[in-house]
Amino acid sequence: MTRMLQYLLFWNNKNLDVVALYTSVPVNEAINVAVDNFPSTTGPLTREDIQQLSYPFSLDAVALYTSVPVNEAINIAVDNFPSTTGPLTREDIKDLLTVLLHNTYFCFNTQVFLQIEDLPMGSSLSGILAILFMDRLDCGVIDLYNISNPYDRYVDDIYSQASDEKEADAFHSIMNSAHPRIQFEIEKPNTSPDGRSLSLLDVTVTIRPDGNTEFEFYKKKAKKPIFINYKSAIPKKTKRNIIRNEM
């Protein structure tokens, strides 16, 4: 074990969070590499294309963070790094990620536990590693099955279009077989005389019978205009980010 890692093991969890933030900088660079190399499933769609692929649907990964294997996520992240990232080599980044993700503790019913599997909720690294993990999953499915239908993803929310419900269900089965730990739920469109509509994140997509597509702002019924009390014990950074995300 390197002297740097021996030193890190004596740090408390708060200090490990600081290292996590530092480590996330080169990991973010790995995301940029992954995005640049992401295979394109299709070019711009014509109205005729949209009429043939008029069945929009979405897939949502079930409990993504707590389903991603830690060691696999680390290896995928390291694979996306250049041979050196500033003063850090690939091995340095791998060692840091290993220390951080294998020394996560949480409290339940007044007892403290060491998390031994999956990405930890609340870690500044988990979101980045989950994105890289999903990118590897995407690329494998697209390459293996030669997917050409429209396909876009935001973290664990996937949007795609098919010719009909049967084709959407078939793609759902393909995604559920892509990794033994990752399962997806499917959301199907509402059908009306105006076309097929699907709500995803904060947008409702409507594909009309003539091939025209409309987009509307969408807000879940459960969403309420309520913010966390400023005097709450939640970190100030989190409070500020909640407000920024609403703007």
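How many residues lie between β11 and β12 in the hairpin they form, and which residue in the turn has a positive phi? Five residues lie between the two strands, and G211 in the turn has a positive phi of about 95°. The model described here is predicted.

β11 and strand β12, which covers residues 213-217, are joined in the antiparallel sense by five bridges. As a general point, strands of a sheet pair through backbone hydrogen bonds, in either a parallel or an antiparallel sense.

β11 itself is largely enclosed by the rest of the structure, because four of its five residues are buried. V205 belongs to this strand, which spans residues 203-207. V205 has a relative accessible area of 9%, so it counts as buried, the cut-off being under 20%. Leaving aside neighbours within four places in sequence, V205 is in contact with Y159, R196, S197, L198, T213, E214 and F215. The C-alpha atom of V205 is separated by 6.8 Å from that of E216, a residue 11 places away along the chain.

A further sheet can be traced elsewhere in the chain. Four strands make up this open sheet, in the order β6-β7-β1-β8, with antiparallel pairing. Its edge strands are β6 (151-154) and β8 (184-187), each of which pairs on one side only. From one strand to the next, the twist averages 25°. Within the sheet, strand β1 (residues 55-61) runs antiparallel to β8 and is joined to β8 by four bridges. L59 stands opposite I186 of β8.

Helix α6, made of residues 126-145, packs on this sheet. The helix touches β6, β7 (157-162) and β8, and its direction makes about 165° with that of β6.

How values were computed. Residues numbered from 1 in each chain as written. Predicted model: local features only at pLDDT ≥ 70, side-chain atom pairs only at ≥ 80, totals over all residues. Heavy atoms only, no water. Buried < 20%, exposed > 50% of the residue type's maximum accessible area, 1.4 Å probe, protein only. Contact = heavy atoms within 4.5 Å. Pairing = 2+ DSSP bridges. Axes fitted to C-alpha atoms, helices over the stretch in contact; angles between N-to-C directions.
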